[in-house]
Amino acid sequence: MFFLHFLQFSRWVCKLILAEESIEERADWIMYFIDVMESLAGLNSWNMLMCVYAALNNTVVYRLKQTWQYVSDDHQQVYDMIAELLSPSKKFNNLREAMNSATEPPVLPYFGICVGDLEKVESINVETITT
């Protein structure tokens with residue numbers, strides 16, 4: 001269910017951006033969603049943060065090179081910072097650290113990490129039980 005919601009929301013963000021005909025309006029939507037991502041990070045809503053980031057990083061949006069040129073430097077900096085935070089390198093180490101250091105509830109983790117960790121634990125347990 002969460003995965004379906006993730007995909008639907010991500011597609012909706014892409015559609016909002018692509019529905020605009022002018023480059024400036026598309027850039028406005030991109031900057032709006034970068035602001036949303038910044039707010040989501042502040043609210044410890046890691047799953048929705050990844051959802052919006054996935055939309056902006058989707059090929060159909062990311063390939064709009066002329067549109068991205070209209071994105072302000074401040075917004076581009078925030079986007080790059082969030083991209084570093086959500087980087088999958090070292091098994092999402094930066095995101096794991098951010099989720100672990102979140103001190104104020106509520107904290108909504110990125111479910112992709114949770115599911116991956118549960119699958120790993122299950123495979124280890126199966127190997128341990130069968131051997």
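The report below goes from the whole chain to single residues.

## Ground rules

This is a predicted model, in which local features need pLDDT of at least 70 and side-chain atom pairs count only at pLDDT 80 or more, while totals for chains, interfaces and linings use all residues. Residues are numbered from 1 along each chain as its sequence is written, and side-chain values use heavy atoms, with hydrogens and water left out.

## The overall picture

The protein has 8 helices and 0 strands, and from the N terminus on its elements read α-α-α-α-α-α-α-α. Here helices (H or I, at least four residues) and strands (E, at least two) are DSSP runs, numbered from the N terminus.

Of the 131 residues in the protein, 34% are buried. Buried means under 20% relative accessible area, exposed means over 50%, and partly exposed is in between (1.4 Å probe, protein chains only). The accessible surface comes to about 8600 Å², and 58% of it belongs to carbon and sulfur atoms; such areas come from the Shrake-Rupley method with a 1.4 Å probe, and for residues only the protein chains shown count as cover. Among contacts with a separation of 6 or more, 63% are between residues 24 or more positions apart, where contact means heavy atoms within 4.5 Å.

## An enclosed helix

The buried residues of H3 include Trp46, Met50, Tyr53, Ala55 and Leu56.

Two of these names come back at Val61, which lies in helix H4 (residues 59-62). Val61 is buried, with a relative accessible area of 0%. Not counting residues up to four places away in sequence, Val61 touches Cys14, Ile17, Ile30, Ala55, Leu56 and Trp68. Val61 and Lys15 are 46 residues apart in sequence, yet 9.2 Å apart in space, C-alpha to C-alpha.

Where would you look for Thr67? Thr67 is in helix H5 (residues 65-69), and at 3% relative accessibility this residue counts as buried. Leaving aside neighbours within four places in sequence, Thr67 is in contact with Ile23, Arg26, Ala27 and Ile30. Ile30 is also one of the residues that Val61 touches.

## Out on the surface

Glu21, Glu24, Glu25 and Asp28 form a negative surface patch. Patches are made of residues with over 30% relative accessible area and no salt bridge, with like charges joined within 9 Å and nonpolar side chains (Val, Leu, Ile, Met, Phe, Trp, Tyr) within 5 Å. A salt bridge is a side-chain nitrogen of Lys or Arg within 4 Å of a carboxyl oxygen of Asp or Glu. Lys and Arg count as positive and Asp and Glu as negative, while His and the chain ends are not counted; a charge is placed at NZ of Lys, CZ of Arg, CG of Asp or CD of Glu. Glu24 belongs to helix H2 (residues 23-42) and is partly exposed, at 41% relative accessibility.

Gln77, in helix H6 (residues 73-85), is exposed with a relative accessible area of 56%. The C-alpha atoms of Gln77 and Ile34 are separated by 9.9 Å, although the two are 43 residues apart along the chain.

Lys90 is exposed, with a relative accessible area of 72%, and Lys91 counts as exposed at 65%.
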